[in-house]
Amino acid sequence: MTPPIGADEPALFRSIFSAYPDALLLVDGHGIIELANPAAEALLGYTAEQLVGLSVDELVPDSIRPRHAEYRASYAKNPRPRPMGTDMELVAKRRDGSEVMVEISLSPLASQGLPHVVVAIRGIGNYPRVKRALQRAHYAECVARMGRLAVDARDASLLLDQLPVVAMEALQVQVAIVFLLEPNQLEFRVAAGAGLLPSEAVGRRIPNRPDTPPGFVFAHGKPVIVADYRQEQRYTVPQAYLDAGLVSAMAVPLSDRGQVVGALAVRSTQPQRFSDDEVRFLESLANLLTATLQRVQSEESLHHAQRLESVGQLTGGIAHDFNNLLTVIQGNLQVLEELPAVNGDAYAQQLVSAAARASKRGAELTGKLLAFSRRQVLSPSRIEVPALIDSLADMLRRTLDQRIRIEVNAPDDCPPCVADPGQLESALLNIAINARDAMPNGGTLSFSGQLCAALPLQLRGDFELKAGDQPGAYIAIAVSDTGAGMSDTVKERAFEPFFTTKELGRGTGLGLSTVYGFVKQSHGAITLDSALGQGTTVRLYIPRYVETEQAAGDAEARPGEIPPGLKVLLVEDEPEVRTVAMRFLATLGCEVTPCASAEQALPLLTQDAAYQLLLSDIALGPGMRGTELAREAQARLPHLAILLMSGFSAELLDTSQSAPLSWELLAKPYSREELAHALATALQAVKG
């Protein structure tokens, strides 16, 4: 017969305490641990003997330890059951100094008249949903970090050396390697790597044959995943891989304008390591690396006239691929954020927000890459000059040499200007980077913004000014430095494309020429004041925002509502982008027919088809382009609204110059709200 619980309560309670799956600590009124269960040992990395007698403050990260001591003292005055970590991020410090995400519950109890607290600690970092969301956010942050390096790096070897390390650490694999195809296309060279095997040291050559690992990737031109080397039959697995205990692998091609020029591969000692998230992450790194390598090659081998076109293709190609990826990431995050299970979970919302912020930084990165191209699609809007300058100055304070002092003079009453916000920021950033290079030993970088009473005389007649030289029609935004300055000869050529005074490999000479082109396209003007030893001031004259005219234009252009059940023919060759677009359209109440190509869509466009709008990507892979499909579709159905989208700025610019005015254009990545606005505008254009 089973004895009653009360027969041996202490032993029973100790058994429960020991068997409990969460970490449990019994803490006295002074914060000293008196008892710990095995789960606490496993989670915190201590033995039970090491935990007993230890202050709970030792389990708190150093950065928040003073606040924790205050909290513990406050809690001791009013002990009560309290869960923590469900609506905030909590971390515990392990014995080895690492940190683990946790949820904590406090339960006060009294024993022999002395106050005690039972602390229950649950590690949440291994929850599958949380772990995957954190991993995706981490991947996005790594891509953004490598993207910043790709933009700033003057030497491709810097990115080439660091990218495999980042890939290896992010994916938690044992080997990461970059293969580059030699000019003879007969073999690959190991260009860089981390955790390399002796048989694949940097500089080694690997034959370009389908039976070699990089040759197989080259032959197929798409990502390759190996679940288990021991069962791989598609190509010959080197014995060195098996001897090193490598089991699984993933490789993606490095593609330059449609041609495979190498491969980026990672290898692991664990089987079945790689999912779609890991493939997209590695492809993003590969695109950044390829873009940087192609840029450097262009700078070294092409003539000046060829380089401008090369850089345009480079940045446009990155934008197209990267913006497709960002469309998928941002679209799915927006859908995920609105799911009831996530909407009601504050912690999940934090994870989604973190991933959204990382993807937004990726979009900003794409915009900065596009600053190298002078063929930009501008979207002028109202810009608050003080806010823009303050934001840019804050970013530069965090990134520039601390010996450079940054000053800002932009009165709050400075009127707004009208220009493309992203391109104006890129222009100011280009000028600031030049200023930084002119002050290698430090100095002062100044930003100012103010209403311009009158344009300088030398500008009148030299620019296609929006408001002529009317007083008060422009906002003057100036960037000044205390650097080496320029001679008169250098000043005369400063805005010429590819003109640079920097040493070979330190600059393309596109910075100020891009700024000049942007200002001209914005119907503004630019001046350059400089003298040797006296520093440099670049001043942009941007048209002032006119409230009445712009408001009237906005009211005139304001689109209507999307009619319920709008019948949309969707044409997108990227499956994941197509899925995101379908989800967005479905939530907007549309009836969607998806197609993967123009050839698949054409048979559906019969005379009696009920479609009201065609939503198509411009670049649809081999075959008919989206613009051709749109012309044929409107010829068959004259009242069909047309909305074209692309992540390639040059495509949008070319289409905007040649397409009918009734066609609407949408840049990738886009949000559901931006898609809805574009749909409504396209429908209104057909009605008008």
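A walk through the predicted model

I16 is partly exposed, its relative accessible area being 47%, where buried stands for under 20% relative accessible area, exposed for over 50% and partly exposed for anything in between (1.4 Å probe, protein chains only). This is a predicted model, in which local features need pLDDT of at least 70 and side-chain atom pairs count only at pLDDT 80 or more, whereas totals for chains, interfaces and linings use all residues. Residues are numbered from 1 along each chain as its sequence is written, and side-chain values use heavy atoms, with hydrogens and water left out.

I16 sits in helix α1 (residues 9-19); helices (H or I, at least four residues) and strands (E, at least two) are DSSP runs numbered from the N terminus. Together with L12 and F13, I16 forms a nonpolar patch on the surface, with about 270 Å² of accessible area for the three together. Such areas come from the Shrake-Rupley method with a 1.4 Å probe, and for residues only the protein chains shown count as cover. Patches are made of residues with over 30% relative accessible area and no salt bridge, like charges being joined within 9 Å and nonpolar side chains (Val, Leu, Ile, Met, Phe, Trp, Tyr) within 5 Å.

The interior can be approached through its nonpolar cores, a core being a set of buried Ala, Val, Leu, Ile, Met, Phe, Trp, Tyr and Cys residues joined through side-chain atoms within 4.5 Å. The largest nonpolar core has 39 residues, of which L396, L424, L428, L445, F447, I477 and L540 touch the most other members. Helix α14 (residues 421-437) gives the largest share of this core, eight residues. A second, separate core of 37 residues includes Y139, A192, M250 and A286. Leaving out residues up to four places away in sequence, L396 touches I406, L429, A432, L445 and F447, contact meaning heavy atoms within 4.5 Å.

Helix α7 (residues 213-220) has P213, P214, G215, F216 and V217 as its buried residues. At the start of α7, a side-chain oxygen of T212 comes to within 3.1 Å of the backbone nitrogen of G215, while after the helix follows G221, with a positive phi near 65°.

In strand β12 (residues 259-268) lies S268, which counts as buried because its relative accessibility is 0%. A polar atom of the S268 side chain lies 2.9 Å from the backbone nitrogen of Q270. Beyond residues up to four places away in sequence, S268 touches V173, Q174, L246, V247, S248, R273 and F274.

Charged pairs complete the picture. The structure holds 24 salt bridges, each defined as a side-chain nitrogen of Lys or Arg within 4 Å of a carboxyl oxygen of Asp or Glu. E200 forms one with R267, the closest N and O atoms being 2.6 Å apart. This pair links distant parts of the chain, with E200 in the loop between β8 (187-194) and β9 (205-207) and R267 in strand β12, 67 residues apart. E200 is buried, at a relative accessible area of 4%, and R267 counts as buried at 2% relative accessibility.

Another salt bridge joins the side chains of E572 and K668 (2.9 Å, N to O). Here too distant parts of the chain are linked, as E572 lies in the loop between β20 (567-571) and α18 (575-587) and K668 in the loop between β24 (664-667) and α22 (672-687), 96 residues apart. E572 is buried, with a relative accessible area of 0%, and K668 is buried as well, with 4%.

Note on methods: A polar contact is a pair of N or O atoms within 3.5 Å; within protein, one must be able to donate a hydrogen and the other to accept it, and residues adjacent in sequence count only if both atoms are side-chain atoms.
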